[in-house]
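Here is a friendly briefing to read beside your model. Have the viewer open and follow along, topic by topic.

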Amino acid sequence: MFERYTEKARRAIFFARYEASQFGGQFIGTSHLLLGLLREDRARLAGLLRDDELFENAAVLLGLEASAEKVSTSVDIPLSHEAKRVLTYAAEEAERLGHSHIGADHLLLGLLREPGPVRDLLEQYGLQLSVLREAASATVSPLTNRRIVADLRAQFGIMLNRLEPELEPAVVYIPRTEKAQ
Amino acid sequence: MTVRELAAQIRARTISCVELIQQTLQDLQERDKFCSLISVTGEQALAIARERDEELAAGKDRGPFHGIPIALKDLFYTRGVKTTAGSLVYKDFVPKYDATVVERLHNAGAISIGKTNLHEIAFGITSKNPHYGFVLNPLDPKRLAGGSSGGSAALVAGKFLPMALGTDTGGSIRVPASFCGIAGFKPTYGLVSRHGVLPLAFSLDHVGPLGSCVEDCALALNAMAGGEDYNVPAAADLKGLRVGRFFFGRVAEDVGAAVESALENLSELGATVLNVPTPDFAEMNATARVVQLAETAAIYVNHTDKAQFGDDVWALLEQAHMIMGHEYVNAQRLRTIFRQEFNELWRSVDVLVGPTTPMTAPLLEQNTVTIQGEEENVRMAATRLVRAVNLLGEPALSIPCGKGSDGMPVGLQLIAAPFGEATLVRVGKTLEERLRG
């Protein structure tokens, strides 16, 4: 399931599982995913969030309470429905940006698309879906470029049947210079 | 203030050319928080202003632009002044001569105070320049000024000066004019010299003015193109004028409403508004994109260092290199067909009227806009109604026509047959007067 995930994204999910076990959760929820991301990708997130408070107090802010009954790390903890949706959104975001991998940024985008306390908290700390999308799309992959040109080619191709063999190109030649260069 | 108003003050000696330039420079220093300029040529401007004052004292009057401060998009060659194109590629480029239009405006008495910021190499419409800063919209600095002539638009919209020079390859004069609520004029292809203007796409590049009103643009055209007086007066009515309401498809509701209201005004002025079938703008846009990508690729073929470019421009250059020879030639053949279709269209209408951009100025961080429920890329949306005109070469004028629900201006685009500049000025001024009430 996680073969397209970057090392960072995998580790974030690993930490999310750990957080779920610490808080005695039966499921890995979106809150745990956020805690995992905060732990794994601190440098990146520090540049995006309004201040550092979230790193220290995220669990409290999310209303998570440490449980006396920690779930053993050997027990398989399933993802909650919301968390599953977040992973689906993450894959969609990667797809949309033309990225072949799913990284921590895509997970964060996924969290911002799932309504709930985690999204509210992230927005409160200055993260907006549109802004993050832009940041994530700053580098356009060769795959995206190929797709854009393929789309253009498809649109353009439909018109080619209008070209009679004898039709000549519009050769625009209006002298550019008014004086010798 | 407009060119005419400033010119009147200079003639009345209520302000000297030197004082006007000093005032403009100080104003820029105090108020320009919009990242409008890449370089300011204050001392040079003051030296010229002194000459202009001496000339006036000696009875030599160069006309309406005598002593008027203007600015030049940093794509125009200026002798001895660096011309960066908003890029790292040209960051140290100092031309040995002035572009022909720069020389002409100078001869007409205009005084350039500097070179304006733009979308990197003029290839884009956001003017979010990664090397020289993001140009902000003076009407709301959280929003795009548009581009690529963003800095020129910001200076006019910010009321620093009445006219600045821009270029338009796929909407780069009209889009920022629309977003900033000013007038922007793209003249007929070839009417204004492109000598000494860094090219982006040879057969689509146009030089034109951005002005505080239609008259400012018309006066600038007189200075830049010469040969004809484009500054025709507004008409009492527009009886006999055939206005084609070009089908503009998906536009934001508030933009559509403002444009409909402008059309009603035209109709009340006596014009006949016709629903004419216009050739498909989407098809022409696709054709224009093929032409532009191929021509830009030709110019930047040797620039292979990704680090020299912003991400968005680099992506476009990569796309540009994928266009094949036969595609470029076939795009030019399609251009022949569109030309013929438009020649036919101009037999039944005098001007085509529609929105300039389907939305008002987006927020800086917006990558996409949602128009009538459909999400699209900001660049593609902003150029959807203007790009095709560059493929044809027809003259087009954008003027403000009311406000959107966000309080930002809505741009109205008027298109005429080749060399129909005077028609656009007449209709533009008449409508402008009426909309101002």
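**Chain B at a glance**

In chain B, 76% of the contacts between residues at least 6 apart in sequence join residues at least 24 apart, where a contact means that two C-beta atoms, placed from the backbone, lie within 7 Å. Please keep in mind that this is a predicted model, in which local features need pLDDT of at least 70 and side-chain atom pairs count only at pLDDT 80 or more, while totals for chains, interfaces and linings use all residues. Residues are numbered from 1 along each chain as its sequence is written, and chains are lettered from A and ligands numbered from 1 in the order in which they are written.

**Overall build**

- Chain B has 14 helices and 17 strands; these are DSSP runs numbered from the N terminus, with helices being H or I of at least four residues and strands being E of at least two.
- Its radius of gyration is 20 Å, close to the 22 Å from the globule rule for 437 residues, so chain B is as compact as a globular protein of that length. The radius is taken over C-alpha atoms, and the rule is 2.2 Å times the number of residues to the power 0.38.
- The C-alpha trace of chain B spans about 55 × 55 × 40 Å along its principal axes.
- Of the 437 residues in chain B, 60% count as buried. Buried means 20 or more other C-beta atoms within 10 Å of a residue's own, exposed means 12 or fewer, and partly exposed is in between, with C-beta atoms placed from the backbone.

**The sheet**

- S16 (residues 396-403) and S17 (residues 409-416) of chain B pair in the antiparallel sense over six bridges, and B:Pro400 stands opposite B:Gly411 in S17(B).
- S11 (residues 242-245) of chain B pairs in the parallel sense with S12(B) over three bridges, and three bridges also join S11(B) to S13(B), again running parallel.
- B:Val243 has B:Val273 as its bridge partner in S12(B) and B:Val351 as its bridge partner in S13(B).

**Helix H14 of chain B**

- The 16 residues of H14 (residues 421-436) of chain B should span 22 Å at 1.5 Å a residue, and the end C-alpha atoms are 22 Å apart, which agrees. The expected span is 1.5 Å times one less than the number of residues.
- Among the buried residues of H14(B) are B:Leu424, B:Val425, B:Arg426 and B:Lys429.
- The buried residues of H14(B) pack against helices H7 (214-225) and H8 (253-268) and strands S13 (351-355), S16 and S17 of chain B.
- Just after H14(B), B:Gly437 takes a positive phi of about 80°.

**A loop residue**

- B:Lys159 lies in the loop between helix H5 (150-157) and strand S8 (163-168) of chain B.
- B:Lys159 counts as partly exposed, with 13 C-beta neighbours inside 10 Å.

**Where the chains meet**

- 29 residues of chain A are in contact with 29 residues of chain B.
- On the side of chain A that touches chain B, H9(A) gives the largest share, seven residues.

Key:
Two strands pair if DSSP finds at least two bridges between them.
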